[in-house]
Amino acid sequence: HNIANANTPGFSRQKVTLASIDDSTGAGLRSSSFLKVGSGVESTMVTRSRFELYDGIFRKVNQGLNFDQKTEEMMHQVELLFDEPSDRSLGGIMNDFFNGWLDISNAPQDIAARQSLHSVASEMTDRFKRIYNSLVGLRDDVNSEIVAIPSQINEIVREITDLNASIFKSEAQGQPANDLRDKLDLLVDELSTFASVRTVKQDNGSTTVLLGNKVLAEREAFTELSTKNIVLEDGTVRTTIVSSDGLGFEPSDGKLGGLLNFRDNVVTNLLADLDKLAEAIVTNINFEHRVGFGLDGLNDRNFFDPNKKFAFNMELSVDVEDVSHIAVSIDGSRGDNTNAFNLNALK
């Protein structure tokens, strides 16, 4: 049996426990004045070579591994969105934008240099919006992955309760249920990929399984997980996981914990930081730009639309659709380039 199952996932090597036959009646013994021969040995039970402490250690490490692997997978996709370092990354385009002010300073009246700056600035606003929308899309994808997990967990838990019933029936008849217990432990190992899992062996031979703080399987009874949509103040729909008792389930470990952390913390913080960066650019560029003068000798114009100052809606102002209105001069003269230097210094 051990050899045949050497490559079976989850199989534990089994061993026979032997004990001497107690023949107190003397039947079956051959004896003489100098020699007595016993009745030999009998097999009393077949046991698994399994150490529950190691199971607990493995599951704890496994849930941490799956949390980190899922986080790495998601962060790799974030890196692709920012495309750093490269000339066409957000940082590269921002660098081109600020260098555009230096190019204008070399030829304050050159319309081509002004048009080039306007094009780069427009590309920068598009990149902000594209990254923001891609992060929102990535968050939606993660949310969809979270929605699919409860049904996977429920299927595993149902199998565990079925095995609990089979183990109880087998051992009640005096038959070892080693292979059934191997299957149950393998399912518990699989649960540890989703969240932290603990098991408690009951006196009747059944196994109680806790996932996070939820008792999901106890004897032949199980608790199902389901999803519930919550609409946040900003209109975002967030899926939460609840158990059949109506209480929330938010594990901090395993694949599920990694997905929840990425969706609710990592992406949220990235979007907030992206908005903060866009707002800083719009606010500070506009402040300096309004001080300067265009080629027509007028000032108090915005470079970016002040009403669209976040990453998701960042736009150039209609004030600079005519690139001659870009405020390069600080004193109003057509050849002055002081304000272009001031705007470059904001970098």
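## Core, helix pair and strand pair

Leaving aside neighbours within four places in sequence, phenylalanine 303 is in contact (heavy atoms within 4.5 Å) with Phe97, Trp101, Leu117, Ala121, Ile285, Asn286, His289, Leu316, Ser317, Val320 and Ile326. The model is predicted, so local features need pLDDT of at least 70 and side-chain atom pairs count only at pLDDT 80 or more, while totals for chains, interfaces and linings use all residues. Residues are numbered from 1 along each chain as its sequence is written, and side-chain values use heavy atoms, with hydrogens and water left out.

Phe303 is also among the residues with the most contacts inside the largest nonpolar core, together with Phe97, Phe128, Ile153 and Phe304, and this core has 67 residues. Such a core is a set of buried Ala, Val, Leu, Ile, Met, Phe, Trp, Tyr and Cys residues joined through side-chain atoms within 4.5 Å, where buried means under 20% relative accessible area with a 1.4 Å probe, protein chains only.

Helices α1 and α5 pack at an angle of about 30°, with their axes (lines fitted to C-alpha atoms over the stretch in contact, angles running from 0 to 180 degrees between N-to-C directions) 8 Å apart. The two helices are therefore roughly parallel, a term for angles under 35 degrees.

Strand β9 (residues 225–231) pairs with β10 in the antiparallel sense over 7 bridges, pairing requiring at least two DSSP bridges. In β10 (residues 237–243), 5 of the 7 residues are buried, so this strand is largely enclosed by the rest of the structure.

Definitions and conventions. Buried < 20%, exposed > 50% of the residue type's maximum accessible area, 1.4 Å probe, protein only. Helix = DSSP H or I, 4+ residues; strand = E, 2+ residues; numbered from the N terminus. Parallel < 35°, antiparallel > 145°, perpendicular 65-115°, else oblique.
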